[in-house]
There are 2 protein chains.
Amino acid sequence: MNLDTPRGTRDLLPNETYVRNEVYRKIREVFESYGYGEVETPAFENFELLAAKSGPEIEEEIYAFEDKGGRKLGLRFDPTVPIARIVASDPSKPKPMKYYYITRMWRYEKPQQGRWREFWQAGCELIGPSSVEADAEMLKLTQECLKRVTNTEFVIKINSREVMDELAAEAGVKEEDKDEVFRALDKLDKKTQKEVEDELIEKNVDLNGFRTMLMKIEKGEVNCESEERLMKIKRKAEEMGVKNLEVDYSIMRGLDYYTGFIFETLVKGSEQIGSVCSGGRYDSLIGIYGKEDVPATGFGLGVDRLLEVAGITETSSSNPSQADFYIVPVNDSSRNEALRLTQELREKGFRADTDLMERGLSKQMNYINSLKIPYALIMGPKEIKNSEVTLKNMETGEQIKVKRSSLTEKLRDLKN
Amino acid sequence: MNLDTPRGTRDLLPNETYVRNEVYRKIREVFESYGYGEVETPAFENFELLAAKSGPEIEEEIYAFEDKGGRKLGLRFDPTVPIARIVASDPSKPKPMKYYYITRMWRYEKPQQGRWREFWQAGCELIGPSSVEADAEMLKLTQECLKRVTNTEFVIKINSREVMDELAAEAGVKEEDKDEVFRALDKLDKKTQKEVEDELIEKNVDLNGFRTMLMKIEKGEVNCESEERLMKIKRKAEEMGVKNLEVDYSIMRGLDYYTGFIFETLVKGSEQIGSVCSGGRYDSLIGIYGKEDVPATGFGLGVDRLLEVAGITETSSSNPSQADFYIVPVNDSSRNEALRLTQELREKGFRADTDLMERGLSKQMNYINSLKIPYALIMGPKEIKNSEVTLKNMETGEQIKVKRSSLTEKLRDLKN
């Protein structure tokens with residue numbers, strides 16, 4: 001039988017979940033300190049809902065299927081659509097709504113380094129406010145989340161759909177060519193101008209508009225009305241303590257999605273890895289599902305990529321939540337007392353374990369070594385008689401006798 | 001557009017996730033104190049793997065679908081099969097393996113009260129030991145998890161497949177009738193003996209064996225070899241402090257699955273609700289996937305049902321992670337200073353929030369009330385000039401002035 005996980009998915013074992021749980025705890029703390037509450041939505045949604053935003057061609061990129069009642073469903077590939085559904089389905093809820101999520105999603109794409117078909121994302125949505133402060137809060141939260149998880153330095157690049165629209169209009173880019181021109185600008189960090197222009201020609205897009213826009217951007221001659229709002233967001237975020245903010249008119253994300261401010265977050269010096277965290281303002285999304293538009297801003301953070309960038313995908317221990325102390329009965333007559341001590345230590349809050357396989361001393365010691373448990377508490381008839389244990393430091397091999405009466409104190413010291 | 005979640009699924013909003021996160025934290029602590037490490041497996045598995053345990057007819061009860069590469073997949077409906085896959089795929093891993101999970105699963109069944117198509121389960125698997133102590137640890141962990149989460153009193157009913165097999169053989173139940181007879185015994189808490197026997201007759205099962213078994217069970221005349229092991233498990237668990245253990249020869253769970261010790265956990269006085277937590281020994285499951293059998297024992301706890309039984313499905317606050325303190329700028333000129341104070345409080349670890357919607361005083365106060373935020377810190381030009389805030393207790397309406405210099409201390413007092 002094929003025992004592999006389905007293509008593009010993988011198991012997370014304790015050495016990975018342990019690191020992730022720590023990261024999730026930190027991210028939770030950040031979001032909750034800003035008044036965000038966690039939401040969890042179903043793994044699958046009605047396909048119609050998923051397609052409303054991205055069009056029916058999204059089916060090619062996701063896991064879509066029919067249930068036994070003939071209802072077409074799809075595994076969610078994006079956290080914002082379900083949250084927009086929640087907002088649209090109850091317009092009376094007080095605004096702002098501050099929602100965060102830490103959850104997994106699925107995309108049917110070619111698996112490659114750091115790209116999984118099942119992947120984890122954390123992020124938040126701030127629904128209601130259209131203010132500069134709301135967008136600045138996204139930048140602040142991004143920085144706080146990243147700072148709590150890693151020492152890696154990031155650059156946050158910001159732009160605005162409104163600025164780009166204005167610029168495109170000024171440069172004479174035709175409305176129907178706009179998205180292609182924006183995509184071309186976005187590609188310039190990976191491709192040459194020649195390559196990008198060849199692609200535009202192939203798509204029958206007039207090059208003049210593109211070149212005018214590019215020139216203005218390169219010369220820093222972007223003086224349009226919407227620029228002021230972008231600068232206000234930047235200043236407000238900087239006042240809130242956000243560092244390494246850069247306006248970059250070549251970044252263009254989610255053309256079918258964002259309506260104003262957009263941003264992405266790159267590793268300083270390793271920008272080619274791509275964005276770890278990105279987001280922006282999407283004032284027209286909720287209106288697709290409900291009676292009216294609701295201003296909204298948010299961002300998402302790729303957990304898998306963040307862990308890679310931070311170099312903390314796993315711990316060296318195969319089971320880091322395995323016991324700190326392993327109680328070793330040296331023979332069968334010591335088993336009961338070993339289990340009793342184990343229970344006693346667990347009740348005192350220690351992570352303690354003992355042999356459940358009726359193994360001899362040396363096999364137990366091998367197991368302790370293979371799991372990298374730091375201390376063994378060896379108990380034989382002599383130790384039991386003397387109300388003591390033999391405490392062995394598994395790294396140094398050092399052994400000392402410790403009286404049961406002072407054991408708790410001794411183990412507390414070792415843990416600190 | 002239909003804005004409902006797919007049938008049998010639902011959104012978890014902050015008032016629910018908040019409670020769940022607390023419960024998960026407690027369950028995590030219990031499992032980790034016993035040396036279990038968390039595992040997370042893909043939402044879907046190769047269908048072949050899922051069907052290997054339960055037969056291809058399982059397709060009727062789960063979400064099964066083909067991916068775009070024509071591979072048949074199914075959403076996992078059980079946590080043990082993926083973990084058995086992990087064990088079977090790397091037989092060299094040191095035993096015991098102690099794995100726990102807190103995750104969701106999917107079953108395509110008729111949705112009803114407390115039965116969801118998407119549901120959460122927590123539990124653990126202890127792989128390697130065949131000892132009595134290992135089974136007793138499951139009972140101890142069950143009790144610890146439940147005790148940490150709720151004051152509700154539970155009865156843990158235990159039985160053993162081996163005892164039942166022996167009893168069936170003695171009573172002359174034919175091998176091919178055994179499962180039906182066991183199911184009939186299991187149904188006796190919900191149906192009369194007449195109803196159960198009519199069903200057996202319909203299935204051409206001889207009633208003599210069934211009646212003999214039932215008589216022996218009712219008279220307490222179960223004296224077979226395997227009973228000794230069951231009693232040892234009971235005694236060991238009781239030594240470890242497990243209360244309310246009852247041997248009950250009428251409980252029969254997972255006939256295609258368990259090989260020895262089995263148990264279920266009922267609410268004392270409300271047994272009709274059904275089992276909140278159940279498990280047992282499954283020494284033949286891993287062998288289905290790998291080269292050889294590996295002894296294993298484990299249990300699963302239905303999170304949704306547990307929360308219902310404990311009466312803690314949600315908090316009264318619509319967003320319990322919303323701020324404890326809301327900083328209210330009374331006019332536009334106070335906004336900057338309000339945001340600054342909010343940031344200052346967040347950095348000190350308070351959950352603080354402020355207006356991001358450029359609202360006036362009364363609308364802000366309405367919002368604070370609707371979210372049940374306990375304290376407002378009102379800031380106008382006068383307060384800013386005097387380096388103070390007006391602290392309002394939203395429940396009592398009481399207002400006092402607090403100097404900025406003593407604000408942190410004051411808010412700490414309020415939080416404690």
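These entries go from domains to a sheet, then to a helix, a lysine and the cores.

**Entry 1: domains.** I began by noting that this is a predicted model. I then looked up the domain assignment of chain A, which gives domain 1 (14-315) and domain 2 (325-415). I also checked how the two are placed, and their C-alpha centres lie 52 Å apart.

**Entry 2: a sheet in chain A.** In which order do the five strands of the open sheet run? I read E13-E12-E14-E15-E16 in chain A, with mixed pairing. Strand E13 (352-354) and strand E16 (399-403) of chain A are the edge strands, each pairing on one side only. From one strand to the next, the twist averages 30°.

I took a closer look at one pair. Strand E15 (residues 388-393) of chain A and E16(A) run antiparallel and are joined by five bridges. For Glu388(A), I found the bridge partner in E16(A) to be Lys403(A).

Next I asked what lies across the strands. Helix H13 (residues 361-370) of chain A lies across strand E12 (325-329), strand E14 (375-379) and E15 of chain A. Relative to E12(A), H13(A) runs at about 170°.

**Entry 3: helix H11.** Why is helix H11 (residues 303-310) of chain A largely enclosed by the rest of the structure? Six of its eight residues are buried, so I had my reason. I listed the buried ones as Val303(A), Asp304(A), Leu306(A), Leu307(A), Val309(A) and Ala310(A). They pack against several elements of chain A, including helix H1 (14-33), helix H4 (132-149) and strand E9 (261-267).

**Entry 4: a lysine to check.** Lys178(A) sits in helix H6 (residues 178-187) of chain A. Is Lys178(A) buried or exposed? Its relative accessibility is 10%, so Lys178(A) counts as buried, the cut-off being under 20%. Leaving out residues up to four places away in sequence, I found that Lys178(A) touches Arg161(A), Asp165(A), Ala168(A) and Val173(A).

**Entry 5: nonpolar cores.** The largest nonpolar core has 99 residues, and Leu139(A) and Met213(A) have the most contacts inside it. H4(A) gives the largest share of this core, nine residues. A second, separate core has 69 residues, among them Val149(B), Leu200(B), Phe299(B) and Leu306(B).

I finished with the surroundings of Met213(A). Not counting residues up to four places away in sequence, Met213(A) touches several residues, including Met164(A), Leu167(A), Ala168(A), Val173(A) and Phe182(A).

Methods
Residues are numbered from 1 along each chain as its sequence is written. Chains are lettered from A and ligands numbered from 1 in the order in which they are written. This is a predicted model: local features need pLDDT of at least 70, side-chain atom pairs count only at pLDDT 80 or more; totals for chains, interfaces and linings use all residues. Side-chain values use heavy atoms; hydrogens and water are left out. Two strands pair if DSSP finds at least two bridges between them. Helices (H or I, at least four residues) and strands (E, at least two) are DSSP runs, numbered from the N terminus. Axes are lines fitted to C-alpha atoms, for helices over the stretch in contact, and angles run from 0 to 180 degrees between N-to-C directions. Contact means heavy atoms within 4.5 Å. Domain bounds come from an automatic or database domain assignment. Buried means under 20% relative accessible area, exposed over 50%, partly exposed in between (1.4 Å probe, protein chains only). A nonpolar core is a set of buried Ala, Val, Leu, Ile, Met, Phe, Trp, Tyr and Cys residues joined through side-chain atoms within 4.5 Å.
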